[in-house]
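Please have the sequence and the 3D view open as you read.

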Amino acid sequence: MLGLPYNHTMEPPATFFLVGIPGLQSSHPWLAISLSAVYTIALLGNTLIMTVVWVDATLQEPMYCFLCVLAAMDIVMASSVVPKMVSTFCSGGSSISFNGCFTQMYFVHAATAVETGLLLAMAFDRYVAICKPLHYKRILTPQVMLGMCVTIAIRAVIFMTPLSWMLSHLPFCGSHVVLHSYCEHIAVAKLACADPMPSSLYSLICSFIIVGSDVAFIAASYILILRAVFGLSSKNAQLKALSTCGSHVGVMALFYLPGMASIYVAWVGQDIVPLHTQVLLADLYLVIPPTLNPIIYGMRTKQMRERIWSLIMRCLFDYSYWDSRTQNLFRP
């Protein structure tokens, strides 16, 4: 269905209206409270990961540097949608400007593309550490790490900029009510008066290329890792290697499984899965991984767990020490 002819002279709408989760308006206050709590945990957890990696010289290794960048991307991804979602749930609906809507959409897509690239980089880091330990520092130099991060960012910009441009230049001459809790690509594209299929098809192809290639390389890395691990003679070495990789696999499962489910439902199950379930899937995909990633890494990685505990204890005792000094200073 082609809809109305494409009109380049048509003025874009001043605002869109986000309805939240259609059909669950009565639950919006509870969702706002839950989402605020989850967002707070995500901010604190990822900020703590970044701080520990930044200040602790013993964590200046490729694995933890990639983890630091991943934590930053988690904050960007969650912050691009959650504050507006909470506002929408609290007020029963919320307006967002035309430019603000597509800016939010761009950051969501770009952060997602960067995250999947970082997961691939972290899988490569584990492959080199386990399969080529003697060449680890020679292969993963600071210059190589910086080049990998820059390449991942450039790839996200190259793929996602055309998508935002294509969708933002569609004419929106009808309803401006977005049946979603944020400016999700398909929900906004449905409001266009022209055929949104080119942008939707581009989005699907980009997702397939980026996610498909990254998952394939990640799977290949872990197949080689497992072969190397089970070839070790020491059981303790096997368990240590598997434990280290276990946290990575958990983070990848949290990121890819909800994302693939959300994309599959949006394209295939629109007439089967209720709309509120589709919206909830898309929301959880952007909120749950940023919240659980620091918990998984903080709990499963012994070195990270020890450094986090040490930092917390140091901050608490230093604060208590200076607080007591201040009280004694002003005591009569």
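Tyr39, Leu43, Asn46, Thr47, Ile49, Met50 and Val53 in α1 meet a set of α2 residues made up of Tyr64, Cys65, Leu67, Cys68, Ala71, Ala72, Asp74, Ile75, Ala78 and Ser79, where contact means heavy atoms within 4.5 Å. By class, this contact of α1 with α2 has 13 nonpolar, three polar and one charged residues; Ala, Val, Leu, Ile, Met, Phe, Trp, Tyr, Cys and Pro count as nonpolar, Asp, Glu, Lys and Arg as charged, and the others, Gly among them, as polar.

The model is predicted, with pLDDT of at least 70 needed for local features and 80 or more for side-chain atom pairs, while totals for chains, interfaces and linings use all residues. Residues are numbered from 1 along each chain as its sequence is written, and side-chain values use heavy atoms, leaving out hydrogens and water.

Helices (H or I, at least four residues) and strands (E, at least two) are DSSP runs, numbered from the N terminus. Axes are lines fitted to C-alpha atoms, for helices over the stretch in contact, with angles running from 0 to 180 degrees between N-to-C directions.

| Helix pair | Axes come within | Crossing angle |
|---|---|---|
| α1 (residues 28-55) and α2 (residues 62-79) | 9 Å | roughly 155° |
| α2 and α4 | 9 Å | roughly 165° |
| α1 and α3 (residues 82-91) | 8 Å | roughly 155° |

On the α1 side, the contact includes His28, Pro29 and Leu31, and on the α3 side it includes Val82, Pro83 and Phe89. By class, the contact of α1 with α3 has 11 nonpolar, three polar and no charged residues.

Turning to α4, α2 and α4 are roughly antiparallel to each other, and α2 passes α4 in a left-handed crossing. Among the contact residues are Phe66, Leu70 and Asp74 of α2 and Glu115, Asp125 and Arg126 of α4. This contact of α2 with α4 has 16 nonpolar, one polar and four charged residues.

Aromatic rings come next. Rings of Phe, Tyr and Trp (its six-membered ring) pair if their centres lie within 6.5 Å, and planes under 30 degrees apart count as stacked, over 60 as edge-to-face and the rest as tilted. The count comes to 10 aromatic pairs. One of them, phenylalanine 16 with phenylalanine 102, is edge-to-face, at 6.3 Å centre to centre and 70° between the planes. Phenylalanine 16 lies in strand β1 (residues 15-18) and phenylalanine 102 in helix α4 (residues 98-131), so the pair ties together parts that are 86 residues apart in sequence.

Key
Angles under 35 degrees count as roughly parallel, over 145 as roughly antiparallel, 65 to 115 as roughly perpendicular and the rest as oblique. A crossing is left-handed if the near helix is turned anticlockwise from the far one by less than a right angle, and right-handed if clockwise.
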